Amino acid sequence: MSAPTEIRVRVAEAEAVTPAIKRLKLVPLTSTPLPDFSGGAHTVVHYTDGPRHVRNPYSLMGSPFDPSAYQISVLRVPDSRGGSALIHDGVHEGTEITITSPINLFPIDRRARRHILIAGGIGITPFMAMTAQLDREGADFQLHYAMRDRASGAYWKLLKSIYGHRVHTYFDDTNETLALTRLLDGQPLGTHLYVCGPAGMIDWVLKTAREAGWPEENVHFERFAAPPPGKPFQVALARSKRTIDVAPRESVLEAIEAAGIEPQFLCRGGACGQCETAVLEADGTLHHNDHYLSDDEKASGKKMMICVSRFEGARLVLDL
Amino acid sequence: MTAAMISRPVYPGLSPDQYAKTHLILCEGEGAAAVLDMAAKAPKEFFSRALILFCPAGTGYEPKLAALSPKSLWVLPTIATAMFRLRGVLATATMGTRVYAAGTEPFIGSVLQETLAVGIDHKSVFTEHRGSAKRRVQCVHCKGCTDDVTASPFTCTHCGLTLFVRDHYSRRLGAFQGVCVDAEVPGEVPPVEELYR
């Protein structure tokens, strides 16, 4: 996988879909068309507002068959590190921002006999593109979409109007729950399951599917962990011969980038493995917050994913 | 040419899936012994949810398989007839079914072709290689497949070229790749080695 290239885009539309969700339509500045993407792909938005930099991954939610624009949805997360709020408040129609070329870590398995998509809240966004692709390809699919309530849920009316009975909605405030065990029972062999939503929902779906005897190869999920805040620490970079301070609400990757060093990254959410970094010395505890390294690798203390993981202790030296 | 080829399949061995609701077990010849070995480590009720498709290939394992008291035991004379039955079972099978395949590589390859066709990733099928190391080989020149190849080089049964058997494997075809061994100097053929008995 080559490193993503950066693309300058202009916000052609900025629509408040719900009080907390803003849909942005992004168009290229030049006549060069945007790169093709497939359902499930994401881009990393790089937005600068004075001294503040944000790089957040967002799923592309437009149709993969519409090359004229990308669409993303930005949820304003309360208590977040401020990145989503910065984009939510600072980006308007006409704003120019930088994005990376799309990367797909959550692709459709086109060998599947049937596709069952399960979304929770803002986790609907990759499925917006996937349903468009599956529909166009004539694939057998169904979408199950759980939301807090009718007002805060995005796009469910639109999805129902396009895909009709293939879209099933569940609203927490009226106690509608997805009967997952029953849904998984009796599906034709070769059905694939996709889930995107809050961590607790993903864990529940993975566990329920495993206990229903679904092979792990048939269950796909995407979770981007936001870099969790923690205590400040210092990191020594062996190759650059630099020592960098990592602030409480900053990731190692962000701190290193702020110092002018550009390590490899793709998802910035602990999922893709691109920013895997060798730990040369760690006198203290590594806090692994990624979903990429195996438990054994985490326990070995030899590697860390610098986009989300942290350190607590006397001295950390990375091979950077 | 023994350098590790990433397409060379690995067969990790059969082990019971504790969560599966149905166990769809395909075995051929000595592959039945792998199923009997798995029975030793499987919970008691395991075979009450098992469907077994068995190609004896000259072996006498049928009574031992029957003694496991599977829900169904079908004995089929050839790989082709077993695959026809497998397609029928797959057409109505539901998620929660775990597929197991044990036997020679051409047999396992045939099973993986059928399961792939209904959307099952090859890693989801538990496999164990038992019995002969014979191979199915596709001639890269005429595209014909030759079954039961035990030596390299060998003569393509379709076009007659002398083929060197490579470890390069195609899951789609369930076959190894055979390449003309005397293309530069026709007739200059290395000695035949019985590599895949």
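Predicted model: local features only at pLDDT ≥ 70, side-chain atom pairs only at ≥ 80, totals over all residues.
## Where the two chains meet

Let's begin with the place where the chains touch. On the chain A side, 19 residues are in contact with 18 residues of chain B. Two elements of chain A give two or more residues each to that side: strand β11 (191-196) and helix α5 (199-211).

## How each chain is divided

Chain A is assigned three domains: domain 1 covers 6-104, domain 2 covers 114-222 and domain 3 covers 233-318. If you take the C-alpha centres of domain 2 and domain 3 of chain A, you'll find 33 Å between them.

Chain B has two domains in its assignment, domain 1 (22-129) and domain 2 (135-180). Their C-alpha centres are 26 Å apart. The two domains do touch: 8 residues of domain 1 of chain B are in contact with 6 residues of domain 2 of chain B. On the domain 1 side of that contact, you can count 3 nonpolar, 4 polar and 1 charged residues.

Now zoom in on A:L253, which sits in helix α6 (residues 252-258) of chain A. Is A:L253 buried or exposed? It is buried, because 24 other C-beta atoms lie within 10 Å, and 20 or more is enough to count. Leaving aside residues up to four places away in sequence, A:L253 touches A:P263, A:F265, A:R268, A:C275, A:I306 and A:C307. Take A:I306: it is 53 residues away from A:L253 along the chain, yet their C-alpha atoms are separated by 5.3 Å.

Another residue on that contact list, A:R268, is worth a look too. You'll find A:R268 in the loop between α6 and β15 (276-287) of chain A. A:R268 counts as buried, since it has 26 C-beta neighbours inside 10 Å. Its phi is near 55°, a positive value in a residue other than glycine. For background, most residues other than glycine have a negative phi.

## The five-stranded sheet of chain B

Over in chain B there is an open sheet of 5 strands, in the order β7-β6-β10-β9-β8, with mixed pairing. Which strands are at the edges? They are β7 (145-149) and β8 (154-155) of chain B, each pairing on one side only. Strand β8 of chain B pairs with β9 (residues 162-170) of chain B in the antiparallel sense, over 2 bridges. Within that pairing, B:T155 stands opposite B:T162. Helix α4 (residues 105-117) of chain B packs on the sheet and touches β6 (135-139), β7 and β10 (175-180) of chain B. The directions of this helix and β6 of chain B make an angle of about 70°.

B:D148, in strand β7 of chain B, has a phi near 60°, which is positive although the residue isn't glycine. B:D148 is partly exposed, because 13 other C-beta atoms lie within 10 Å. Then there is a cis peptide bond between B:S152 and B:P153, with omega about -5°. B:P153 belongs to the loop between β7 and β8 of chain B.

## Two strands side by side

Elsewhere in chain B, strand β1 (residues 22-28) is joined to β2 by 6 bridges, and the two run parallel. One pair to look for is B:C27 and its bridge partner in β2 of chain B, B:F54. Why is strand β2 (residues 50-55) of chain B called largely enclosed by the rest of the structure? Because 5 of its 6 residues are buried.

## The nonpolar cores

The largest nonpolar core has 120 residues. Which members touch the most others? They are A:L117, A:V195, A:V235, B:L26, B:C27 and B:V35. Take B:V35 as an example: beyond residues up to four places away in sequence, B:V35 touches B:L14, B:I25, B:C27, B:L65 and B:A102.

Technical notes: Residues numbered from 1 in each chain as written. Chains lettered and ligands numbered in written order. Contact = placed C-beta atoms within 7 Å. Helix = DSSP H or I, 4+ residues; strand = E, 2+ residues; numbered from the N terminus. Domains from an automatic or database assignment. Buried ≥ 20, exposed ≤ 12 C-beta atoms within 10 Å, placed from the backbone. Pairing = 2+ DSSP bridges. Axes fitted to C-alpha atoms, helices over the stretch in contact; angles between N-to-C directions. Core = buried A, V, L, I, M, F, W, Y, C linked by C-beta atoms within 7 Å. Nonpolar A, V, L, I, M, F, W, Y, C, P; charged D, E, K, R; others polar.
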